Amino acid sequence: MRIAASYRRRRGNDLLLGIILAFIAGAMNAGGFLAVGRYTSHMTGVVSSIADDLALGLFGLVGAGLALLFSFLSGAACSAILINWARRHARRQQYAYPLALESGLLIAFAGLGTLHDAAVAPATAVLLCFVMGLQNATITKISGARIRTTHLTGMVTDIGIELGKFAYLGIARLLSHPPIPVDGRKLSILLPIVSMFFFGGLVGALGFKHLGHAFALPIAALLLAVASPQLQGRRRAQTAGG
């Protein structure tokens with residue numbers, strides 16, 4: 001936990017943070033679907049729904065879809081602003097800030113669940129899209145675009161490619177073709193992330209079933225545990241300077 005959000009990055013702590021965030025994205029995507037009736041961690045379905053609703057003349061639903069899309073974009077933009085600002089003013093905390101903000105927003109999600117008002121559901125969906133955009137942009141910048149955590153299509157495709165290359169090894173031997181190298185390092189990153197997204201989805205669905213919106217609180221605590229070592233470092237530096 002102490003190195004997961006460190007500004008000094010290595011492949012190991014990139015993978016550790018990717019696994020943690022994939023678990024969180026899976027949990028909030030599945031639990032959020034039960035809460036608001038929409039998946040919020042990926043925009044493919046949202047953009048497709050906007051096109052369908054526009055073709056059918058359902059302009060109210062088009063507006064709702066655009067709000068979700070804009071919220072995801074805003075979350076990604078917010079992550080970029082926080083990280084780039086911190087690189088110039090608080091380098092050690094550049095990745096801790098967006099993770100701490102995500103933790104606070106998940107606490108807000110849990111608070112919205114206590115209102116028991118149907119009108120809150122659209123605001124909750126918009127909030128979750130912002131959170132997922134924030135998170136996906138954060139891990140994208142941290143890993144140099146090698147790791148994404150809120151959607152699986154590209155990762156599952158890459159896993160399929162590597163498995164296909166592995167299967168081709170036997171054919172290559174039979175035909176005396178030169179072997180095609182399998183990128184085992186890529187598989188060692190992608191397989192744990194996809195597995196943790198699934199596990200997070202299971203935990204999120206069960207958590208919402210039994211706890212309602214409050215299931216987001218332990219997830220927020222996990223994020224804060226990841227961010228807090230870097231934030232504590234800033235407080236110690238300020239205390240020493242003062």
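Reader: How many disulfides does the count come to?

Author: This is a predicted model, where local features need pLDDT of at least 70, side-chain atom pairs count only at pLDDT 80 or more, and totals for chains, interfaces and linings use all residues. Residues are numbered from 1 along each chain as its sequence is written, and side-chain values use heavy atoms, leaving out hydrogens and water. A disulfide is a pair of cysteine sulfur atoms within 2.5 Å, and by this rule the count is 0.

Reader: Which cysteine has the sulfur nearest to that of C78?

Author: C78 is in no disulfide. The nearest cysteine sulfur lies 15 Å away, and it belongs to C129.

Reader: Is C129 buried or exposed?

Author: Here buried means under 20% relative accessible area, exposed over 50%, and partly exposed in between (1.4 Å probe, protein chains only). C129 has a relative accessible area of 0%, so C129 is buried.

Reader: Where is E162, and which residues is E162 in contact with, leaving aside neighbours within four places in sequence?

Author: E162 sits in helix α6, residues 153-175; helices (H or I, at least four residues) are DSSP runs, numbered from the N terminus. At 3% relative accessibility, E162 counts as buried. Contact means heavy atoms within 4.5 Å. Beyond those sequence neighbours, the partners of E162 are V182, D183, K186 and L187.

Reader: Is F198 buried or exposed?

Author: You will find F198 in helix α7, which covers residues 184-211. Its relative accessible area is 62%, so F198 is exposed.

How values were computed: Helix = DSSP H or I, 4+ residues; strand = E, 2+ residues; numbered from the N terminus.
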